[in-house]
Amino acid sequence: MLKILFSPSENKKVGGVEQQKELFGSNDARDGILSEYNQIVNSRDEEKIKELFGFKKFIDCEPYINDIFKSPLMPAIERYDGVAYQYLNFNTLDNSAKEYLLANSIIFSNLYGPLLGGDTIANYKVKQGNNIGDFIPDKFYRDRFSYQLDLYLSNSDILDLRAGYYDKFYEIKKPYTTLKFLKSGKVVSHWAKAYRGLVLRAVALNKIESIKEFMTLEIEGLSVQEIKVMKNKTEIIYNITNS
């Protein structure tokens, strides 16, 4: 089976009606970092809260001031609402495509670490790159979950659609495939998020089960320019063909 590694987003949807469940790798392994987050968020220390969230005005923090252990829950693949997720447009997928993503996507959260798309999480805010008290999220989760991820991915093909920052959370130790997007010969950055979302949508709609199958997938607006193989990494370079 194909597993797709994906990034989170700063923007998130509010609400949720799902029940709490065991997250990937166990809830207990996250207790310390989640408790530290909860303590800061509910400390009434406006400067600490603004620093954690990455906001300049405290009024912008208020929607995220809650008890994370008692907050409404939503599947991770639905919670995030940034550019990539808007182009994925999860809610418009058919049920089988939704189930595919709930089971086969792995999202690397700045608070929760590696999550399956179907893992239920609260609304939260951690600016990318920020520590949570004494916890350094990328180091914490790399140390805690790398072995479990190695085992989980051992018999799967891997399509790595993460932004580069999230490589810090987990180093892939087996052959995998990643993508690069060019427009007029130049690497795109912001719009790469949109195309990652479109690729994830196409993968889900076609229930892609292997990298070999992915290689034959035609994605609207993209054409393959080159494929590079570097040790255990295969990089597919796409030209963006639409305006």
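Modeller: A patch is built from residues with over 30% relative accessible area and no salt bridge, nonpolar side chains (Val, Leu, Ile, Met, Phe, Trp, Tyr) being joined within 5 Å and like charges within 9 Å. The model is predicted, so local features need pLDDT of at least 70 and side-chain atom pairs pLDDT 80 or more, while totals for chains, interfaces and linings use all residues. Numbering starts from 1 along each chain as its sequence is written, and side-chain values use heavy atoms, without hydrogens or water.

On the surface, M215, V224, I227 and V229 form a nonpolar patch with about 360 Å² of accessible area together (Shrake-Rupley method, 1.4 Å probe, only the protein chains shown counting as cover for residues). Strand β9, residues 222–230, supplies the largest share of this patch, three residues (strands are DSSP runs of E, at least two residues, and helices runs of H or I, at least four, numbered from the N terminus). V229 is placed in β9.

As for charged pairs, there are nine salt bridges (a side-chain nitrogen of Lys or Arg within 4 Å of a carboxyl oxygen of Asp or Glu). One of them joins K207 to D94, with the closest N and O atoms 3.9 Å apart. Because K207 lies in the loop between α7 (190–205) and α8 (211–215), and D94 in the loop between α4 (83–88) and α5 (95–104), the pair ties together parts 113 residues apart in sequence.
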